[in-house]
Amino acid sequence: MDSSASRSRRRGPVILVVALVVIAALVVGGLLWRQRADNGEEEAQALADALPEGDFSSETDTAEHDRILGPLIEATGAAPEVELADAGTADDGLRTATLDWTWTLPDDAGTWEYTTEATLHRGEDGWSADLTPEVFAPDLGDRENLDLKTVAPTLGTVTDRDGKELYGPGEVKVLGLDKTQLEDADPEASARELAGLLDIDEDRFAQSVADYGPDAFVPALTIRVSDEGDYPLDDAADVAGFRAVEKTQPLATERDYAPGVLGALREASAEDVEESDGEIESGDLVASGGIVAAEREALVGTAGAKVIAVDPDAGTERSLHEVAAVDGTEVRTTLDDHLQRLATSAIADEDSASAVVALRPSTGEVLASALGPTGQSYPVGLVGQYAPGSTFKAVTALALLRAGVTPDTTLQCPETATVEGRSFKNADSMSPDLFGSMPLRDAIAHSCNTAMLLEYDTVDQQQLADAATTLGIGQDAPTGLEAFMGSVDPEDEGVEHAAAMMGQGRVLASPLAMAVVLASVQNGATVQPKILADSDSDSDSDSDSDSGTESAAPEVDSPLTEDETAQMQELLRGVVTDGSLRDFADLPGDPVIGKTGTAEWTNEDGELKLHSWVIVAQGDLVIAAFVEDGSYGSTTAGPIAREVLEGA
């Protein structure tokens, strides 16, 4: 027998056995693979992927997703994140998957995280999940859905230096027309009738009523509850559709208290929302002006959020997750309520724009900023831009001292003087007996204009501007105040430079800026004003006017020296002992220093008018008084400043 044939016959059964083993292994492996591939793990992952957006093949499941999660998705602006934490184990056609949920809440309220379980069943068509409400959130009832509520913070307050509340939540009434209550009445007729009673613009309110929808409440005027006796509300009640809505809103505790200082908060208008690029939402509080604008975040606080389960059939809701609101805080200012009221009273009878500013030289704290009762379209004490007149001679005097002039240096004080063809004169109130030669101390005491401007060759405009900077002119406005801190253009020449030497020309200042000038002289260092009390302040609410606290002094290139301070104080003391502020010489207490000022201006009718200025300092207190349409400084502003100084 052929040996090769014999070997072939022996290999045949072996190959057959091996083949059968391989085939059996493939069959068993295929069955095991099919079992693993069809055990529900993929379906569990697919469920987790579909839950955020509701991407289900079943319309019923999608509708249930939208019913339960839709309101919360709309409120947060984003779908949740869902992760498959554990696919579970398949057992008799059942599998329980564990799902981790994360919602990102709006307004920096963090996240809401929780875990739910979903049961998957294996049927003829494969694995499917039971989408019960508890799959979407723990312990969710059959008819409940998720939603979000904003938790409003409590508004903070603005106080004076001693903690007396000046601004905060107040009770108001919003007067307007409820269009649902108009019935058959003419909306325009009701709008015009109500506007007439409330003394508001009839055309504008009638247009607002027309623009609002048929079910709207259209506000006409918001009044303080304490002031409702000032309005004809009984007559308004007879107007078809009239309604008064009581609410709490932020406002000054007293109307017209420190105008321009406190500022205001109001609900955002549709225009505010539209122009904010998403930064402002309906219902937000918008700040305008002053301390409120600077400290809005501290005052308003941060809204919280509450995730709720709502049963619309039962009309009930319950909290599932809450992030507490951060309430607004107290913002303490440097204002002194007593001085503020005193300053307001001192200018209560003025019939033109006027202001009083009180400042503490040692710290720069603004103690009062008052406006007259009429002609106040803006806070002139803070943002007014006026020629400071002879009060600016304090700056000129410093520039002259730095140029080598001493208080005893003789200057010429003619009745009139001409510079480059322009004639200047002294005030009509100046006695002719004073014209002629006089030392600098007398030129300052008697406020000789010509003596100052004739020194325009002694001091150039840059030197004058440098002296102004040393005394605080031109610095940045203090945080929390919209203020004009003065300007002196260092490039002015010729006539403009000469006029600047006597506080006219293109020199401009506010009453606050001129208060800072004198405060810097009194303090011996450049004073930086401040309106916000803070933990770093060297003074506290219990300190008195001669507390001896250190200066709030910004850096300047040429700070005041001790000699300059002594000479400046001597010159400005002479104004009280020998000059235009002699009425202040008898005040008890520390010596008074100061300067009067009168600046000419032309009104809209072409009439020549006078700005009236006085700046005075006693101890650790500076008062600046200003009347836009007044007489000489000593005549109009002087008595105002004295009244405040006496009562301080």
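This is a predicted model: local features need pLDDT of at least 70, side-chain atom pairs count only at pLDDT 80 or more; totals for chains, interfaces and linings use all residues.
Reader: How do β3 and β4 run, and how many bridges join them?

Author: When you look at two strands, ask for their direction and then for the links between them. Here β3 and β4 run antiparallel, joined by four bridges. The two strands make a hairpin, with two residues between them. To find your place on screen, look for H121, which stands opposite S128 in β4.

Reader: I like looking at aromatic rings. How many aromatic pairs does the structure hold?

Author: There are five aromatic pairs. For each pair, read the distance between ring centres and then the angle between the planes. W101 and Y114 give a stacked pair, with 5.6 Å from centre to centre and 15° between the planes. W101 lies in strand β2 (residues 94–104) and Y114 in strand β3 (residues 111–123), so to speak of sequence, they are 13 residues apart and the pair links distant parts of the chain.

Reader: Why is the pair of W112 and Y114 tilted?

Author: Its ring centres are 4.5 Å apart, but its planes stand at 50°, so the pair is tilted. Planes count as stacked only under 30 degrees and as edge-to-face over 60.

Reader: Are W112 and Y114 buried or exposed?

Author: Relative accessible area settles that, and under 20% means buried. W112 is buried at 6%, and Y114 counts as buried at 8%. W101 is buried as well. Ring pairs join W101, W112, Y114 and F136 into a cluster.

Reader: Now a sheet. What is the strand order in the open sheet of three strands?

Author: The order is β5-β12-β13, with antiparallel pairing. The strands at the edges, β5 (145–151) and β13 (316–323), each pair on one side only. On average, neighbouring strands in this sheet are turned by 30° against each other, direction ignored. Between β5 and strand β12 (residues 304–311) there are seven bridges in the antiparallel sense, and L146 stands opposite A309 in β12.

Reader: Which helix packs on that sheet?

Author: Helix α3 (residues 59–76) does, touching β5 and β12, and its direction makes about 25° with that of β5.

Reader: What is the order in the open sheet of five strands?

Author: Read across, the order is β16-β15-β23-β22-β21, again with antiparallel pairing. Its edge strands are β16 (365–371) and β21 (592–602), each pairing on one side only. Neighbouring strands are turned by 10° against each other on average, direction ignored. One of the places to look is T602, whose bridge partner in β22 is L608.

Reader: How should I read two helices that cross, such as α13 and α16?

Author: Take the distance between the axes, the angle, the handedness and then the residues that meet. The axes of helix α13 (residues 393–402) and helix α16 (residues 461–470) come within 8 Å and cross at roughly 115°. The crossing is right-handed. From α13, V395, T396, L398, A399 and R402 meet Q463, L464, D466, A467, A468 and T470 of α16. By class, this contact has six nonpolar, three polar and two charged residues.

Reader: What is there to notice about the phi of E183?

Author: Most residues other than glycine have a negative phi, and most peptide bonds are trans. E183 has a positive phi, near 50°. It sits in the loop between β7 (165–178) and α5 (187–198), and E183 is exposed, with a relative accessible area of 74%.

Reader: And where is D256?

Author: D256 is in the loop between β9 (242–252) and β10 (264–267). Its phi is also positive, near 65°, and at 62% relative accessibility D256 counts as exposed.

Conventions: Residues are numbered from 1 along each chain as its sequence is written. Side-chain values use heavy atoms; hydrogens and water are left out. Two strands pair if DSSP finds at least two bridges between them. Axes are lines fitted to C-alpha atoms, for helices over the stretch in contact, and angles run from 0 to 180 degrees between N-to-C directions. A crossing is left-handed if the near helix is turned anticlockwise from the far one by less than a right angle, and right-handed if clockwise. Contact means heavy atoms within 4.5 Å. Ala, Val, Leu, Ile, Met, Phe, Trp, Tyr, Cys and Pro count as nonpolar, Asp, Glu, Lys and Arg as charged, and the others, Gly among them, as polar. Rings of Phe, Tyr and Trp (its six-membered ring) pair if their centres lie within 6.5 Å; planes under 30 degrees apart count as stacked, over 60 as edge-to-face and the rest as tilted. Buried means under 20% relative accessible area, exposed over 50%, partly exposed in between (1.4 Å probe, protein chains only).
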